[in-house]
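Have the viewer open as you read.

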Amino acid sequence: MRALLIPVAEDWYAVPLGGVWMVLAEPRVTRVPSAPAVVLGLTNVRGEVVPVLDTGALIGITPLRSCPHVAVLRLGPGPVALGASAVPVVETLGEELGPSQLRSGTARRRAEVGPVTVLDLADTLAGIAR
């Protein structure tokens with residue numbers, strides 16, 4: 001499986017490459033005062049307003065300290081950007097190592113960067129919309 005690996009603190013999380021639109025460095029994020037804590041703000045990507053989410057808070061771990069990169073995904077109703085601690089990378093994932101301990105994860109798999117958790121973003125993002 002080809003995936004985009006998103007670093008969050010010391011760990012890596014994988015999203016299938018098919019939904020990835022682009023990766024941006026140093027996005028200009030405008031805060032939204034009444035937004036939920038998981039929403040870092042909004043950014044403009046080629047004329048589209050895209051919500052920027054705190055990947056750590058989204059998946060139920062420690063929130064990001066900073067967001068120097070975002071992975072912009074095209075999922076469901078529109079694009080969404082996931083914050084990353086460092087530059088996301090594309091990799092082919094190796095063998096399955098076991099189930100994920102996260103509610104938003106489907107499995108742990110081997111990768112060159114080390115073990116990664118494969119995320120089920122459709123389910124995770126649907127929870128935010130409710």
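The report below covers strands, cores, salt bridges and one surface patch.

This is a predicted model, in which local features need pLDDT of at least 70 and side-chain atom pairs count only at pLDDT 80 or more, while totals for chains, interfaces and linings use all residues. Residues are numbered from 1 along each chain as its sequence is written, and side-chain values use heavy atoms, with hydrogens and water left out.

**Strands and sheets**

Let's begin with the open sheet. It has 6 strands in the order E8-E1-E2-E11-E10-E9, with mixed pairing; two strands count as paired if DSSP finds at least two bridges between them. Helices (H or I, at least four residues) and strands (E, at least two) are DSSP runs, numbered from the N terminus. At the edges sit E8 and E9, each pairing on one side only. From one strand to the next, the twist averages 40°, with axes being lines fitted to C-alpha atoms and angles running from 0 to 180 degrees between N-to-C directions. Within this sheet, E2 and E11 run parallel and are joined by 2 bridges; tyrosine 13 has threonine 117 in E11 as its bridge partner.

Now look at E4 (residues 39–45) and E5, which pair in the antiparallel sense over 6 bridges. Threonine 43 has valine 50 in E5 as its bridge partner. The two strands, E4 and E5, form a hairpin with 2 residues between them, and arginine 46 in the turn has a positive phi of about 50°. E5 also pairs with E7, in the parallel sense and over 2 bridges, where valine 52 is partnered by alanine 81 of E7.

**Nonpolar cores**

A nonpolar core is a set of buried Ala, Val, Leu, Ile, Met, Phe, Trp, Tyr and Cys residues joined through side-chain atoms within 4.5 Å. Buried means under 20% relative accessible area, exposed over 50%, and partly exposed in between (1.4 Å probe, protein chains only). The largest core has 20 residues, of which Ile6, Val15, Leu53, Leu58, Leu82 and Leu121 touch the most other members. At least two residues of this core come from each of E1 (2–8), E2 (11–16), H1 (55–59), E6, E7 (78–84) and H2 (121–129). Another core, of 9 residues, lies apart from it and includes Val45, Val70, Val72 and Ala81.

**Salt bridges**

Which pairs of charged residues meet? A salt bridge is a side-chain nitrogen of Lys or Arg within 4 Å of a carboxyl oxygen of Asp or Glu, and by this rule the count comes to 2.

| Salt bridge | Closest N and O atoms |
|---|---|
| Arginine 74 – glutamate 48 | 2.9 Å |
| Glutamate 95 – arginine 110 | 3.1 Å |

Glutamate 95 lies in the loop between E8 (89–92) and E9 (96–98), and arginine 110 in the loop between E10 (105–109) and E11 (116–119), so this pair links distant parts of the chain, 15 residues apart. Arginine 110 is partly exposed, with a relative accessible area of 42%. In the other pair, arginine 74 is partly exposed at 41% relative accessibility, and glutamate 48 is partly exposed at 28%.

**A nonpolar patch**

Val32, Leu42 and Val49 make a nonpolar surface patch of about 220 Å². Patches are made of residues with over 30% relative accessible area and no salt bridge, with like charges joined within 9 Å and nonpolar side chains (Val, Leu, Ile, Met, Phe, Trp, Tyr) within 5 Å. Accessible areas come from the Shrake-Rupley method with a 1.4 Å probe, and for residues only the protein chains shown count as cover. Valine 49, found in strand E5 (residues 48–53), is exposed, with a relative accessible area of 57%.
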